[in-house]
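I opened a new notebook page for this structure. Here is what I looked up.

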Amino acid sequence: DALITGIKAILAEEYSRELSKKINNAHRSRQKNGGKAMLTSRTFGFLKRADGSVEVIEEEAAIIRKIYAYSAAGYGSRAISSMFLEQGYVKRTGNPLTAACVARIIRNPLYKGTMIMNRRHYDFETKKTVKIPKEQWIYMNKAAPAIVDEDLWAQANQAMTDRAAYFHRHEIFQKDGRTGQYALSGKIVCCQCGKPYYRTWRHRYADREHPVIEWKCSTYLEKGRSYAAGRAEIRKEAPGFTSGCDNIHL
């Protein structure tokens with residue numbers, strides 16, 4: 001019985017491996033031949049119908065157009081997020097539009113109608129999702145209705161790239177930064193909200209050449225102070241959202 005069970009397990013694994021290859025090949029074939037758009041139900045600005053068609057959610061599309069317009073005008077992701085919090089704009093889930101969410105929207109070519117597929121692949125052997133090299137990505141033009149035109153999309157992305165290049169050139173932060181790039185990265189944790197502290201900088205009024213390096217709670221950077229501090233005038237979030245953080249800066 002043990003021998004038969006082992007043989008059945010080997011055959012089942014081989015069957016699963018072959019089935020995984022066939023499914024992946026079928027996905028790639030549909031993507032290369034211009035099949036239906038592969039969107040999740042949580043894609044901001046779009047609604048995918050049961051028949052595979054994609055339509056624009058105008059309420060969310062208006063927010064997306066403002067994001068691109070602000071970025072092209074020179075506003076950064078964090079500034080745009082703060083403005084939206086003051087104006088009361090939220091995501092479909094009711095959560096605020098964070099700076100990371102704003103940056104992802106700006107960089108996503110889907111909002112000009114171009115979908116990028118085959119960027120990730122689930123490896124059957126390692127049981128992990130791996131990233132596919134950019135040379136193997138599949139681009140599908142007009143896969144979804146364009147929310148912004150290509151010129152505005154290019155201007156917003158170029159403005160973001162220029163801001164990143166400026167900060168990198170002046171060594172304000174490293175490009176493609178990650179946890180551990182500074183000696184204290186990932187080591188300072190807020191005792192009030194449990195979030196990590198982020199490294200920031202600011203210029204002195206009298207000394208513009210040597211910026212002041214500060215570490216601030218990431219919750220404060222996203223949401224500002226809470227009402228508990230009694231300083232509602234400097235609070236970034238609109239009433240009704242989760243409170244900010246009142247911890248000190250270092």
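How much space lies in the second largest pocket? I found about 320 Å³ there. I was working on a predicted model, where local features need pLDDT of at least 70, side-chain atom pairs count only at pLDDT 80 or more, and totals for chains, interfaces and linings use all residues. Residues are numbered from 1 along each chain as its sequence is written, and side-chain values use heavy atoms, with hydrogens and water left out.

**Pocket.** A pocket, on a 1 Å grid over the protein atoms alone, is an open set of points where a 1.4 Å probe fits, with protein on both sides within 12 Å along at least five of seven lines; lining residues have an atom within 4 Å of a point. I listed the lining: Ile116, Arg119, Arg120, Lys131, Ile132, Lys134, Trp137 and Tyr139. I sorted these residues into 4 nonpolar, no polar and 4 charged.

**Pro133.** I placed Pro133 in the loop between strand S5 (128-131) and strand S6 (138-140).

**Helix H2.** I turned to H2, residues 58-72. Its 15 residues reach 21 Å from first C-alpha to last, close to the 21 Å expected at 1.5 Å a residue. Glu60, Ala61, Ile63, Ile64, Ile67, Tyr68 and Ser71 are buried, meaning under 20% relative accessible area. They cover an arc of only 160° around the axis, which puts them on the same side of H2. After H2 comes Gly74, with a positive phi near 110°.

Notes: Helix = DSSP H or I, 4+ residues; strand = E, 2+ residues; numbered from the N terminus. Expected span 1.5 Å × (residues − 1). Buried < 20%, exposed > 50% of the residue type's maximum accessible area, 1.4 Å probe, protein only. Arc of directions from axis to C-beta. Points joined across faces, edges and corners; volume = space filled by probe spheres on them. Nonpolar A, V, L, I, M, F, W, Y, C, P; charged D, E, K, R; others polar.
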